[in-house]
Amino acid sequence: MPLLSRKATCSFHGQDSSYFLGWQEYEKNPYDEVKNPKGIIQMGLAENQLSFDLLESWMAKNPGAAGFERDGQSIFRELALFQDYHGLPAFKKALVDFMAEIRGNKVTFDPNHIVLTAGATSANETLMFCLAEQGDAFLLPTPYYPGFDRDLKWRTGVEIVPIHCTSSNRFQITASALEVAYQQAQKVKLRVKGVLVTNPSNPLGTTMTRDELDLLINFIADKEIHLISDEIYSGTVFSSPAFVSIMEVLKDRNPKNTEVWDRVHVVYSLSKDLGLPGFRVGVIYSNDSIIVAAATKMSSFGLVSSQTQYLLSAMLSDKKFTKEYISKNHKRLQKRQSKLVSGLEKASIGCLKSNAGLFCWVDMRHLLSSNTFEAEMELWKRIVYDVKLNISPGSSCHCTEPGWFRVCFADMSEDTLKLAMQRLKSFVSSTTINNRSHQDLKNSRRKLRTEWVFGLSFLSLNDREPD
Ligand SMILES: Cc1ncc(COP(=O)(O)O)c(C=O)c1O
């Protein structure tokens, strides 16, 4: 009889994906300007390190918040003993206000409807436990965040059925793609319990349109299923179009007290917008009080520590600070994203036009030796081992078109990004693909670059020049 559980020994954790393997390679040989200048540069980590100075300067001005003090008195004992899974009321209030502020105060959130979790990872899994049985399915548009294979499926036994989106319309969700995914699930006898989207998208770095959000609400109303909107990147939207939360669309349709109202759930976290993944602060927001009650009980398995709640309730209640932080962080992200886009452009590489996130969705289809995922892996390995950049291949995000890569830009210094782009440029210049003459290659890259970087039109693989 096996001594370990099937869960412990199965491979459904998804952590053998190239997404995580790239991190492992980076760990073995991490770049450091002084100690290891030839090491691997980490561009596969969606971390926001651009605004730490703002957080640090707030902490320096407010030492009591981190020093467990209230009105000059120590509250160490109070915090050490606090263990109510409903969370600190002051923190929940500050958090919902921050969520509303990020959404331009077009929607408000009731603190009684939030559940605190140890990051969005825990929030998404908890929602799976609340909404689905083992063997039920959730539909997810591709490409999607590789961690979902672990977070949604591993411990819950829930299945993911992809909604295939393509470059022909900038990977937007269509009614037919939704229907095909739904039918596909039914064909293999999976009961569909909902759709989960990430808005803004990881890995695309784009926000969803109002039409897409409307389409999703119509779809879940028609099929009588749930919708989860993971809005972890909502505070990273640095240029137009502006971010539209699913809650804003829902409110505008005014379906209060209808079943759809109770079937839309939002996931949020401070890991990206505030750059605090180590603090493990996540949120489930739901209009359904049964889900809120069940998820609150489940949150016992992954609470946010009381000193973290205390510190952040002071920080997020400081409206002057949050306003300045949001605005400066946007500007810094925008500047950094354009540095990446122009660096890629110099290497004759284009990317999907984006307005959010900590990464770009980069088009390297023209660098593939053939239009296959084997060729994508071949290119990825060369980029990791020879060029020494850890980026994430599209296949790890379940993209259906080979040749796309997610490249992060906010977890390093500007100089490191510059070096990464120099390495990439040298690599591209020294590579001749498919025996094409250098000039042919340059011409076709120029064509792709114009179309992708500036987002003038969108090529599908079929539209490409023959190799
Ligand atoms: C879309 C998405 N959801 C959830 C997570 C997990 O975030 P957290 O650190 O809050 O658990 C990530 C992290 O990259 C993400 O990109």
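Axes here are lines fitted to C-alpha atoms, for helices over the stretch in contact, and angles run from 0 to 180 degrees between N-to-C directions. Helices (H or I, at least four residues) and strands (E, at least two) are DSSP runs, numbered from the N terminus. The model is predicted, so local features need pLDDT of at least 70 and side-chain atom pairs count only at pLDDT 80 or more, while totals for chains, interfaces and linings use all residues. Residues are numbered from 1 along each chain as its sequence is written, and side-chain values use heavy atoms, with hydrogens and water left out.

**View 1. Helix 7 packs against helix 13.** Two packed helices are described by the angle between their axes and the distance between the axes. For helix 7 (residues 119–131) and helix 13 (residues 289–298), the angle is about 125° and the axes are 10 Å apart. That makes helix 7 oblique to helix 13 (under 35 degrees is roughly parallel, over 145 roughly antiparallel, 65 to 115 roughly perpendicular and the rest oblique). Helix 7 contributes Thr126, Leu127, Phe129, Cys130 and Leu131 to the contact, and helix 13 contributes Ile291, Ala294, Ala295 and Met298 (contact means heavy atoms within 4.5 Å).

**View 2. Strand 7 pairs with strand 5 and with strand 8.** Seven of the seven residues of strand 7 (residues 192–198) are buried, so this strand is largely enclosed by the rest of the structure (buried means under 20% relative accessible area, exposed over 50%, partly exposed in between, with a 1.4 Å probe and protein chains only). Three bridges link strand 7 to strand 5 (residues 137–141) in the parallel sense. Ala137 stands opposite Val192 of strand 7, and Phe138 has Gly194 as its bridge partner. Strand 8 (residues 226–230) also runs parallel to strand 7, joined by five bridges. Here Leu196 stands opposite Ile228 of strand 8.

Note on methods
Two strands pair if DSSP finds at least two bridges between them.
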